[in-house]
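Work through the exercises below with the sequence and the fold in view. Try each task before reading its solution.

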Amino acid sequence: MGSEGERGPAAAPGPGHGDPRALRRDCQHRIFVNRSLALEKIKCFGFDMDYTLAMYKSPDYEELAFALLLEHLVSIGYPHEILAYKYDPTFPTRGLVFDALYGNLLKVDSHGNLLVCAHGFRFLRGAEILHYYPNKFIQRDDMKRFHILNTLFNLTEAHLYACLVDFFTNCSRYINCDTGYKHGNLFMSFRSMFQDVREAMDHIHLSGCLKKKTLENLEKYVVKDPRVPLLLSRMKEVGKVFLATNSDYNYTDAIMSYLFDFSDGNEAKTPQSPWRSYFDLIVVDTRKPLFFAEGTVLRQVNTDTGKLRIGTYTGPLQHCAVYSGGSSDVVCDLLGVKGKDILYMGDHIFGDILKSKKRQGWRTFLVVPELARELQVWTEKSELFEELRSLDLFLAELYQHLDSGSSERPDISSIKRRIQKVTHEMDMCYGKMGSLFRCGSRQTLFANQLMRYADLYAASFINFLYYPFSYLFRAPPVLMAHESTVEHGRLDTGEAGTAPAPWLAWHGHPGQQVTGAPQDSSGEEEDDGEA
């Protein structure tokens, strides 16, 4: 067989023949592999809707949500001046952490070590960071204080926190305090600001105002791709297909009808299949992540009125029927499949991917739309990555002939400054908060979660079009530090330990897994073609 980058099992060359890079698909069409998966073993393909089947156009959709958030905050008493702020797509990235005590936006690694810290739009450095975080470290399990902004819907929320902190910090009517702002006898803490923004987020989603504005101009806000019905029809030929979305039926029906309606370009006037015919099971109002635990009552939807039928549905699966609520266990029962038979695709690292894998053992595919930009920078700015690597090698050379008896202390201050400068220059290529996956050579919390819980990932699920359903997605070798930094060959014990080994491989860029990505705690086996 072969790695993901090869053209498929039949095209795999014999050992030692050919350049593997020549066998890789175009990077924009590729699916990247964290854990091996035999596609022919998948009996059921599951989909989320928002930001998976239905991709929203950026930044138009975020601008709409941001404007609605500002309007709601003003309606509950926030100053009208905040309406002057506009959404800036270059500022936020997913995976940021909001500190509800000090009002800072943080970028951290998987252990809670700080990579970037911003107060409003001002990036903190050195002593300023130490004032808030003496160890440059946070306790991520303090979930009352630290809130992870992992979803694409959170992008507007992250930017809004920065705008509000920026406004109140620079407004002369307010006195700045470590944990909030004073105005006369009133004190507004960052925690209360967080609660107000979360309530505003809930309002624009639950009240229906964001959905209403979206449906009024679908062409502006929703990506329409003729490959979607093509891929789903092919998937249905080889397995079962289901949709599980948190959205209500009326919104789901409107979005999906739009995605599957290509009558304008249908010159032959051939009849089109209704969108529901592409799915064996459709579940709305799933309330993920609760859906992957005890779930809620399964009810049937009257597709004529959009209203729910009374009582719990206990019958068999009905063709083209739509259900509301339920749980992942109910999905397995209705479709007659078990956990590892299912490949579930979603954009939410927690609500879609982590919970479906840890609680149900489903195979997982994470949609990462930002990957297109990440790959562009990765390829176009390769000289910056190579410079970081060469600086690491230069550091290794300085220490090569020194040991515990050496009194010499090389001056590495200029090298450290250069590493910081190159890292910053590299981060700014992605946006003001840097890459979704890394800060210099250090991986972010989001990158770690992706590697741990997503078996596969790509910019879009559409990339499955470019693979046969017999494909074996083969994960790259997972090398530990001693394996990725020591060359093969006989170890000369007389020389071992006299110099630190330089990096022989760049650690963990998209699609390359050379450092120890943790395997799923469920003991997920690699699908190497075993019976």
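Predicted model: local features only at pLDDT ≥ 70, side-chain atom pairs only at ≥ 80, totals over all residues.

**Exercise 1. Strand β3 and its partners**

Task: Which strands pair with β3, and in what sense?

Solution: 
- Step 1. Take β12. β3 pairs with β12 in the parallel sense, over 4 bridges. In this pair, C44 has K240 of β12 as its bridge partner.
- Step 2. Take β16. It runs parallel to β3, and 4 bridges join the two. Here F47 faces M345 of β16.
- Step 3. Check the faces. C44 and G46 lie on one side of β3, F45 and F47 on the other. All four residues are buried, so both faces count as covered, given a cut-off of under 20% relative accessible area.

**Exercise 2. The β13–β15 pair**

Task: How many bridges join β13 to β15, and which residue stands opposite V283?

Solution: 
- Step 1. Locate the strands: β13 spans residues 281-284 and β15 spans residues 322-324.
- Step 2. Count the bridges: 3 join them, and the strands run parallel.
- Step 3. Find the residue opposite V283: Y323 in β15.

**Exercise 3. Helix α9 and S328**

Task: Where does α9 lie, and is S328 buried or exposed?

Solution: 
- Step 1. Read its accessibility. S328 has a relative accessible area of 0%, so S328 is buried.
- Step 2. List its contacts. Leaving aside residues up to four places away in sequence, S328 touches F291, F292, Q360 and W362.

**Exercise 4. Helix α8**

Task: Which residues of α8 are buried, what covers them, and which residue caps the N-terminal end?

Solution: 
- Step 1. In α8 (residues 249-259), the buried residues are Y249, Y251, T252, I255, M256, Y258 and L259.
- Step 2. Their cover includes α5 (209-216), α6 (218-221), β12, β13 and β15.
- Step 3. The cap is D248: one of its side-chain oxygens lies 3.1 Å from the backbone nitrogen of N250.

Methods:
Residues numbered from 1 in each chain as written. Heavy atoms only, no water. Pairing = 2+ DSSP bridges. Buried < 20%, exposed > 50% of the residue type's maximum accessible area, 1.4 Å probe, protein only. Contact = heavy atoms within 4.5 Å. Polar contact = N/O pair within 3.5 Å; in protein donor to acceptor, adjacent residues only side chain to side chain.
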